[in-house]
Amino acid sequence: MGKYTILGTFLRRWAVRNDGQEVELTLAQIEGLIGAPLPKAAANIAWWSDDPPGVQSCAWRDAGFEAKLIDDAELVIFVRCQP
């Protein structure tokens, strides 16, 4: 199990329990979920994109979400993908 698997699990559970389209998490909250610090690259918008896909993006993509970093707020918005 990779360290981002728990983030994917969190997002899947959130999707089952909520009708909303977005989940907002701070970088600190994500670090708390995964139980480890995020890499320095996570401060860059590109790290949260899916191009090219990385190990981290597979966690939220497999859970049915896209991620967008709001860098001035250290906030990530996970948006449900349209089927």
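Q: Is strand β3 (residues 75-80) largely enclosed or open, and how many of its six residues are buried?
A: This is a predicted model; local features need pLDDT of at least 70, side-chain atom pairs count only at pLDDT 80 or more, and totals for chains, interfaces and linings use all residues. Numbering starts from 1 along each chain as its sequence is written, and side-chain values use heavy atoms, without hydrogens and water. Buried means under 20% relative accessible area, exposed over 50%, partly exposed in between (1.4 Å probe, protein chains only). β3 is largely enclosed by the rest of the structure, because the buried count is five of six.

Q: Which residue of β3 is the bridge partner of leucine 25?
A: Strands are DSSP E runs of at least two residues, helices H or I runs of at least four, numbered from the N terminus. Two strands pair if DSSP finds at least two bridges between them. β1 (residues 22-26) runs antiparallel to β3, with five bridges. Leucine 25 is bridged to valine 76.

Q: Which residue in the turn between β2 and β3 has a positive phi?
A: β2 (residues 65-70) pairs antiparallel with β3 over six bridges. The two form a hairpin with four residues between them. The phi of about 50° belongs to glutamate 74.

Q: Within what arc do the buried residues of α3 fall?
A: Gln56, Ser57, Ala59 and Trp60 are buried in α3. Seen down the axis, they line one face of the helix, because their arc (directions from the helix axis to the C-beta atoms) is within 145°.
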